[in-house]
Every structure is written in structure tokens, then in C-alpha cells.
Amino acid sequence: MTKRIKYTVHGEVQGVNFRSFTQSKASSYGLTGWVKNTSGGQVEGEAQGDDEAIQKLLKVLESGPPSASVTKVEKSEVDPKDGESSYVTK
């Protein structure tokens, strides 16, 4: 069953390749969606796919790339979207 989540990652997550890391991991798990920096210093995005792949992504978001320092990951379920074919960095 396809599901979609929206997430926000807090901490030292900008300027540490977090978006590239997330895009690479999400793509390798077969997820679609997007990731971007926010003006408030967080990274946010959406991910869509099967539950197992989403859980894998959430696990790696909790630590991020080696130079990141994640303090919190907020997530919520949102309605799936049609028409996406990849996971992109905005």
C-alpha cells in the first residue's frame, strides 16, 4: 500500500549535504517526493512509497550524513500524489 509522509528535520542540517544525502537514500529505497531547505534552518520534504521504504528513510533522517547533527524529526501522513517519477532536491 502506498503512503506519503511530510517531514521536517531540525538541528544542524543545512550546509552539511543533508538534501543530497536524503535524495540519494530515498531514491535507493524506491521512494518519490522532494526535499528542500527552509528559511528557518530546517530541512523539509515529502516521501511516497511503501511503508517499509518510508520507515527506512525515517531511520536515516534521524542521524543524517556524518557532518549533520539532528535534534528532531517531525512527521505526518499526507495524501499520496500522482505523477511523480523520482525523488528530487528543490
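The questions and answers below concern a predicted model.

Visitor: In what order do the five strands of the open sheet lie?
Guide: Strands of a sheet pair through backbone hydrogen bonds, either parallel or antiparallel. Here the pairing is mixed. Strands E4 (69-78) and E5 (87-89) are the edge strands, since each pairs on one side only.

Visitor: Which residue in E5 is the bridge partner of Trp34?
Guide: Strand E2 covers residues 32-37 and runs parallel to E5, with three bridges joining the two. Trp34 also has Lys90 over its face, at 4.4 Å from the ring centre. In E5, the bridge partner of Trp34 is Val88.

Visitor: What angle does the direction of helix H1 make with that of E5?
Guide: Helix H1 comprises residues 18-28 and packs on the sheet. The strands that helix H1 touches are E1, E2, E3, E4 and E5. With the direction of E5, that of helix H1 makes an angle of about 170°.

Visitor: Is Asp51 buried, partly exposed or exposed?
Guide: Asp51 belongs to helix H2, residues 51-61. Its relative accessibility is 35%. Buried requires under 20% and exposed requires over 50%, so Asp51 counts as partly exposed.

Visitor: Which residue's side chain is joined to that of Asp51 by a polar contact of 2.8 Å?
Guide: Leaving aside residues up to four places away in sequence, Asp51 touches Met1 and Lys3. The polar contact of 2.8 Å joins the side chain of Asp51 to that of Lys3.

Note on methods. Residues numbered from 1 in each chain as written. Predicted model: local features only at pLDDT ≥ 70, side-chain atom pairs only at ≥ 80, totals over all residues. Heavy atoms only, no water. Lys NZ or Arg CZ within 6 Å of the ring centre and 35° of its normal. Pairing = 2+ DSSP bridges. Helix = DSSP H or I, 4+ residues; strand = E, 2+ residues; numbered from the N terminus. Contact = heavy atoms within 4.5 Å. Axes fitted to C-alpha atoms, helices over the stretch in contact; angles between N-to-C directions. Buried < 20%, exposed > 50% of the residue type's maximum accessible area, 1.4 Å probe, protein only. Polar contact = N/O pair within 3.5 Å; in protein donor to acceptor, adjacent residues only side chain to side chain.
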